[in-house]
Amino acid sequence: MNDRPLAILGGTFDPVHLGHLNAAWEAAELLDAEVRLLPARQPPHRPPPVADAATRAAMLRIALRGQSRLVLDTRELDRAGPSYTVDTLLDLRAEQGTRPLVLLLGEDAFAGLTSWHRWQKLFALAHIGVLTRPGTEPGCPQALRETVARRRVDDPALLRREPAGRVLALPVTPLEISATRVRELIAQGREPRYLLPAGLSDEPALLAPYRTRAGA
């Protein structure tokens with residue numbers, strides 16, 4: 001068995017920015033894990049992405065150049081219908097056997113977990129790593145708190161002993177960057193160069209979907 005965890009970070013990545021990449025990178029270090037970024041084709045809980053699947057995949061390929069710790073996984077883009085995380089984890093579990101899987105979630109996403117499709121099944125398929133600010137613990141509503149109380153661990157090494165089922169807080173450096181803000185800046189004709197991965201600002205065709213305002 002490969003006991004080095006495989007962690008996944010999902011999202012629309014519309015567009016991918018340094019906040020996404022920093023969180024994934026630090027989680028990889030804390031867990032000593034391979035991390036895959038999985039862009040969603042059709043997120044169930046939010047409006048469709050502005051950029052299409054091919055454009056978002058191309059942006060991620062540029063963002064991930066020059067390193068091997070973070071990897072692009074396009075299975076959700078290749079799958080028709082809503083991008084349910086439980087389906088992705090079922091695929092990965094079938095591929096990876098008993099290898100530990102870790103679903104990486106921001107605190108807001110974790111707090112809303114009970115609204116996800118077949119959310120209780122997630123714990124049978126993967127551990128959950130909650131990306132938090134240093135010195136904080138992930139908060140959650142009562143229904144979720146009762147479910148995860150017996151699953152919490154503090155030591156990342158414990159995730160290697162089981163394929164799934166634990167919940168761990170992962171303190172990562174908070175970067176106050178949002179894809180919404182990046183899209184707003186591009187639409188205003190501004191250049192968010194130091195919010196985006198190196199090289200992406202030099203690809204105007206990929207950023208074109210966000211230039212929606214007249215004169216932008």
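I began at Gly-129, which stands opposite Leu-168 in E7. Strands here, like helices, are DSSP runs numbered from the N terminus (helices are H or I, at least four residues; strands are E, at least two). The model is a predicted one: local features need pLDDT of at least 70, side-chain atom pairs count only at pLDDT 80 or more, and totals for chains, interfaces and linings use all residues. Residues are numbered from 1 along each chain as its sequence is written, and side-chain values use heavy atoms, with hydrogens and water left out.

**Sheet**

I looked up the partners of E7 next. Strand E5 (residues 127–132) and strand E7 (residues 167–171) run parallel and are joined by 5 bridges. Two strands count as paired if DSSP finds at least two bridges between them. Strand E6 (residues 152–153) also runs parallel to E7, with 2 bridges.

I then followed E5 to strand E4 (residues 101–106), where the pairing is parallel over 5 bridges. Val-102 stands opposite His-127 in E5.

What is the order of the strands in the open sheet? I read E3-E2-E1-E4-E5-E7-E6, 7 strands with parallel pairing. Strand E3 (70–72) and E6 are the edge strands, each pairing on one side only. The secondary structure of the protein comes to 9 helices and 7 strands.

**Val-167**

I stopped at Val-167, found in strand E7. Is Val-167 buried or exposed? Val-167 is buried, with a relative accessible area of 2%. Buried means under 20% relative accessible area, exposed over 50%, and partly exposed in between (1.4 Å probe, protein chains only). Apart from neighbours within four places in sequence, Val-167 is in contact with Phe-110, Phe-123, Ile-128, Val-130, Val-148, Arg-151, Arg-152 and Val-153. Contact means heavy atoms within 4.5 Å. I also took the C-alpha separation of Val-167 and Asp-78, which is 29 Å for residues 89 apart along the chain.

**Rings**

I found 1 aromatic pair in the structure. The ring centres of Trp-119 and Phe-123 are 6.3 Å apart and the planes are at 80 degrees, so the pair is edge-to-face. Rings of Phe, Tyr and Trp (its six-membered ring) pair if their centres lie within 6.5 Å; planes under 30 degrees apart count as stacked, over 60 as edge-to-face and the rest as tilted. Trp-119 is buried at 14% relative accessible area, and Phe-123 is buried at 3%.

Elsewhere, I saw Arg-69 over the face of Trp-25, at 4.6 Å from the ring centre. A charge sits over a ring if NZ of Lys or CZ of Arg is within 6 Å of the ring centre and within 35 degrees of the ring normal.

**Backbone**

I checked the loop between strand E1 (6–11) and helix H1 (18–31), which holds Pro-15. A cis peptide bond joins Asp-14 and Pro-15, with omega about 5 degrees. Phe-13 is in the loop between E1 and H1 too; its phi is near 50 degrees, a positive value in a residue other than glycine. Phe-13 is buried at 2% relative accessibility.

Asp-32, in the loop between H1 and strand E2 (34–39), has a positive phi of about 50 degrees although it is not a glycine. Asp-32 is partly exposed, with a relative accessible area of 41%.

**Whole chain**

Buried residues make up 48% of the 216 residues. The C-alpha atoms fill a box of roughly 55 × 35 × 30 Å along the principal axes.
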